[in-house]
Amino acid sequence: MGGWGDYVEYLKQDGICENAHILSIDDGSIWATSTGMTMAKYDFEIEGEGKVSVDEKEILLAALKNNGVPSHKAGLRIDNFKYYSVNYDDERKTWYLKKSKGGACICMTGKCIIFGSWSQDCKMTSGASQNGGECNKRVEELQKMLSDAGF
């Protein structure tokens with residue numbers, strides 16, 4: 001594969017992943033992302049508490065350093081979707097997440113964070129709905145390829 005964008009396209013190939021990011025594990029800078037995706041900064045209204053400032057990149061990096069436990073009041077938000085932790089495995093460097101009608105898989109290598117999300121409302125090219133199993137498998141395959149290549 002050529003540039004980082006090719007790896008994002010690999011994640012989305014065959015409609016497996018809804019959206020994808022590849023970020024630096026050091027500072028969270030975006031190396032590649034699917035069209036229209038951002039790791040945004042915005043104010044978010046929490047019922048009964050008012051507005052809080054959200055910096056998705058910083059919240060993600062802090063949660064990864066805290067074994068997959070977000071400490072921000074707004075929780076883990078990526079592309080303004082709220083994600084809930086299902087399983088964080090520090091040994092395998094994997095983190096499985098759930099969101100309304102979908103979820104995501106995050107894998108880490110020595111140098112990058114790989115994020116792929118899925119939505120049951122999206123169809124893969126096979127005609128089946130996107131699902132966690134296929135998304136996780138694809139993100140984990142890319143994690144192995146990049147780790148084997150020294151990333």
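Modeller: Let's take a few strands and then a helix. This is a predicted model, where local features need pLDDT of at least 70, side-chain atom pairs count only at pLDDT 80 or more, and totals for chains, interfaces and linings use all residues. Residues are numbered from 1 along each chain as its sequence is written, and side-chain values use heavy atoms, with hydrogens and water left out.

Biologist: Where do the side chains of a strand point?

Modeller: In a regular strand, side chains alternate between the two faces of the sheet. Strands (E, at least two residues) and helices (H or I, at least four) are DSSP runs, numbered from the N terminus. Buried means under 20% relative accessible area, exposed over 50%, partly exposed in between (1.4 Å probe, protein chains only). In strand S8, Gly102, Ala104, Ile106 and Met108 are buried on one side, and Gly103, Cys105 and Cys107 on the other.

Biologist: Why is S8 largely enclosed by the rest of the structure?

Modeller: Because seven of the seven residues of S8 (residues 102-108) are buried.

Biologist: Which strands pair with S8?

Modeller: Two strands pair if DSSP finds at least two bridges between them. S7 (residues 94-99) pairs with S8 in the antiparallel sense over six bridges, with threonine 94 bridged to cysteine 107. Two residues separate S7 and S8 in a hairpin, and lysine 101 in that turn has a positive phi of about 60°. S9 (residues 112-119) is also antiparallel to S8, over seven bridges, and a hairpin of three residues joins S8 to S9.

Biologist: And which residues of helix H2 are buried?

Modeller: In H2 (residues 56-65), they are Glu56, Ile59, Leu60, Leu61, Ala63 and Leu64.
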